[in-house]
Amino acid sequence: MDRTLDPAVLATALGEYRPGGVLPSAQELLAAITELEIAAFRSDQQIPDDVLATAWLLHGLAAIEPEAPGFDPVRTRQALAVSAHVMDLALADQRHSPTERLRIAFAAQAGYRRCEQEPNATAVYRQVKNLVDFTSSLPAHLDTLALEAGVVFLAFDRPDLNRALSAWRRQFAELRTLMDDEPLAGTMYGCAEAVVEAVHFLRLFLSFGDLERLRDAQDLLGSVLDGRAGRGDPTARWVAAHLLGLSGEMAASSLYTLLPQGTPDAVARTFAMSHPPVMTLWRPQRQLLSLERGNPVAPGTGRSLISVPTSAGKTLMAQLVICSHLAQRPGRVVYVSPMRSLGREMRAALRGRLRLMERKLVAEQPDFPLAEGSGSLVGDVDVVTPERLMHMIRNNPGGALDEVSLVVVDEAHHLTQGRRGFVLESLLALLRTRSDVRLVLLSAAVGNRAALASWLDPARPAQEVYFTDDWRGPRRLHGLMYPQLLKDQAELTSRKPSKKRSSTTRANVPVSTRLDVRPTATIPTFGLTIPNVGTRAYASPHARQWNAATRLTGGIPDYEVFAAGAAALTRAGSVLMVVASKVIARNAAHAMAQRLAVRPEAAALTEFLAETLGEQHPLVECTRHGVAFHHGDLPDDVLHAVEQGLRDGDLLAIASTTTLTDGVNLPVRTVIVSHTLESDTTGANQRSLSPAELLNAIGRAGRAGRESEGWVILTRPYRPRSAEFEAFTPDTEQLTVTSELLSQEALQALDQAERALQLGLDNLFGLVGTVAADFAAFVWLVLQTHAETLHAPGDRLDPVRSLLAMDQAADASVPARWMTLAERVAAIYDTTDSGVARRWATTGTSIGSARSLDSIAQRLAEQLVAQAAPADTLDELSIFFGPPELPLEQTLNFLVEHGVFEDLLKLPETTGCWQYTGPPNGVPISDAIRNWISGTSIPELARAWMPDSEPSDPRPLEQAVHSISQAFEHAISWTAGALVNLVNTHPLLTPTTPRLFAHTAWHIRHGVDTE
């Protein structure tokens, strides 16, 4: 928003102010545009004629040749930006005729593309795409045909563009046939036909890079301007003038032009022809590809960090790096995302691009361990979580990365995310020691880019390792939302005093949702009110005393106040409400749903959820009204359906924990952050949102290409100060990425580990549930990797020294302490049998839990050997196909018989995952797993697990869903997978010993008994 509502920008765009002149002053135009933004919040879509006239005048002035006096490139670009902004807002005014709306849309698109805000041109098209007519006859819309061609072309919406051009070119061909193949130039159709043909040639040029087609297009556009095509269509001349001016800029921003020298044209063609099509690049992408040194797209660049804001095209940058690498270097590519939802999006985006390159994705693999040799890794690009890649390394320490030549790590700021952050840090430490593997990191929230770049590649100057740009697509408008007491409407009644509150007066005070909006830092805030959303009661007759100290129980809670505001804002577009807990997500979604009508578009989604979760599950009633909640306790298929429901427009709003804030490309107009921040002094007992997490949440608002403007709102439980608007723009220090090993929590865990190991090295096996335990497990893996690598260079603990913490620590004693712990782990490793040490490295658990799992595996292996056929009975089939494998049913029977699932629940990694323990609702985990795998529905499981509950009570369904998600889809499937792997690879097993079903963990996770 600052780009066009900055007084300095407006002053430059308008030029010298002349009182009484045609153009307003910068302050006058600033006030007018601000009023338009306010009107948009209030759903008042009318635009004053004088403001639109100013936009048209700026648009016309900016179209003057660059050498015209007073119009340098900077002023031209800013004038176009301002006029495009106003015209974009004007499209919401339904008073304009279809023809005028097309004119406004094309002017806005041309302005956006010429002022380097290209994604907004695509977003504008979405408002008028229904006006592009490719079904009527030519005479029916000849006066707007050139406009329609220009609008659909500047949207770069390939399916619509192809349909429109196919229809129009066919109609023109039929018309020429009727005229005995005479050219249409000079007729009433000449100019429109020339524009349509020019758009066709521009499409061919941008798709295939053929410069001859570009020259053909420019000649046709020139023929409209000089009269060769005809003289009776001024609209077509206007469109042609803009397209001719843009054609050179498009050529300069084409992938065919920008990809580094030596990159095959097939890479550019892949992006131009696959979905979504990439016909030109945005400014950060252009600058990235133009780097002379340290270009991440160049296959010779070994280490890179790309740090650009959300909506700047970071995901496309990753795809360009991947596809360009595959076209020029041998080996597989691994894309690492901390969020499975982001990984799903990348899979969908890459699939079509790789198909055109005759490459393929590796089949999706679970995070939990599978038995050795199970699961296919055939393919060129693997999309994984950090946990999955670490599992691959653990199970093949010496060779897991042998065929990998590039690793791309997205959302790299997750290095700071607690224990999961250390998983990522340990992965990067291992990769840093591999000079044969290229490594590219991406993030929208890294403040210490230079320091991180120096750690990533100490041999090169930091500025050659990292790339950054502050450009973003959609405008952002910031607001603060809070409860406002309508004190003048309070009702006073008598009450009986209590020990806690002695007042004899009860004040019932109506509450409204108040929203203070600040379009830019230089503009005063304006306020909007959603009145009477509820009431609150206070034990005092005095308004100045109506606060937390006198507030009585009951009354509307904060989350309902904010949910009322969210429901009201759905009139302007979809809403994502980010909250602090799963319970609040559910309650806020329910509160929004109560304020919205039944939404027919969500009927199919509602039906799916009712079948999957049960009719009484709270999510079902919410989706009937176009609202959902989203958190980690819901099954993966449910989360995916909710995300898709928002993308498809079936849902209006989602209340979510931070599961939806990391890189997921959702079409959301408004993001409401209803969560405590690290800078807050209240909510000390709650987990706070870090500045990086806040920035990611903000990034969901106004997604590039779908929205030209996003609204970002922070909720406060009190009347906020204006300074709190600064939370929306954290500085670089607040965005510093720091190793988790340097956190206070990690140092406390280190201190406890040091004291425990002083009493005896065997206490290493008691380290569980902390970063110190994770560090010890990582050291064990490092030692095992070194042991399995032939001619391993350097010291075996070098990957440990390669951790970010060792580079970042200000106090040299801290790395020394961590290295001392590493040496103690090494001492235990060296005294452990090499085969056992190898097995413990594979589980992904703490070393203590690995020992426990191996002990269970030993017991199970002995039982399998006892049941096996004698070794001298080995038949030809076993020799050819390998040892026999028990089917799933027999494997489950075997595990249940030996109490394995109960043993797994004793591990620290599974603590709290199964809620049905002990009276009165104890449910044996073995029976529950059998029922789940047999395909029993969640509603049936919920009734069986809590048989005494009321049919209308939603709590059994919620508890069942929670336990299924936490136990079956995560903890149990993970530990069971590790155990099956340990059993099937145990040295006691002979060639005739049957193995456990290798995919048992997969079936536990998905609840099916067939592949």
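Biologist: What is the strand order in the open sheet of six strands?
Modeller: The order is E3-E2-E4-E5-E1-E6, with parallel pairing. Strands are DSSP runs of at least two residues (E), helices of at least four (H or I), numbered from the N terminus. Two strands pair if DSSP finds at least two bridges between them. This is a predicted model: local features need pLDDT of at least 70, side-chain atom pairs count only at pLDDT 80 or more, and totals for chains, interfaces and linings use all residues. Residues are numbered from 1 along each chain as its sequence is written, and side-chain values use heavy atoms, leaving out hydrogens and water.

Biologist: Which are the edge strands?
Modeller: Strand E3 (381-384) and strand E6 (466-468). Each pairs on one side only.

Biologist: How many bridges join E1 and E6?
Modeller: Three, in the parallel sense. E1 covers residues 303-307. Serine 307 has threonine 468 in E6 as its bridge partner.

Biologist: Which strands does helix H20 lie across?
Modeller: Helix H20 (residues 449-456) lies across E1, E5 and E6. Contact here means heavy atoms within 4.5 Å. The helix runs at about 160° to E1. Axes are lines fitted to C-alpha atoms, for helices over the stretch in contact, and angles run from 0 to 180 degrees between N-to-C directions.

Biologist: New topic. How many salt bridges are there in the whole structure?
Modeller: The search finds 55. A salt bridge is a side-chain nitrogen of Lys or Arg within 4 Å of a carboxyl oxygen of Asp or Glu. In one of them, arginine 286 meets glutamate 116 at 3.5 Å, N to O.

Biologist: Which parts does that pair tie together?
Modeller: Arginine 286 lies in helix H15 (residues 283-289), and glutamate 116 in the loop between helix H6 (98-114) and helix H7 (118-128), so the pair ties together parts 170 residues apart in sequence. Both residues also belong to a network of salt bridges that includes Asp469 and Asp470.

Biologist: Is arginine 286 buried or exposed?
Modeller: Buried, at 15% relative accessible area. Buried means under 20%, exposed over 50%, and partly exposed in between (1.4 Å probe, protein chains only). Glutamate 116, at 25%, counts as partly exposed.

Biologist: And what about the largest nonpolar core? How many residues does it have?
Modeller: It has 119 residues. Trp914, Trp945 and Phe968 have the most contacts inside it. Helix H40 (residues 955-984) gives the largest share of this core, 14 residues. A nonpolar core is a set of buried Ala, Val, Leu, Ile, Met, Phe, Trp, Tyr and Cys residues joined through side-chain atoms within 4.5 Å.
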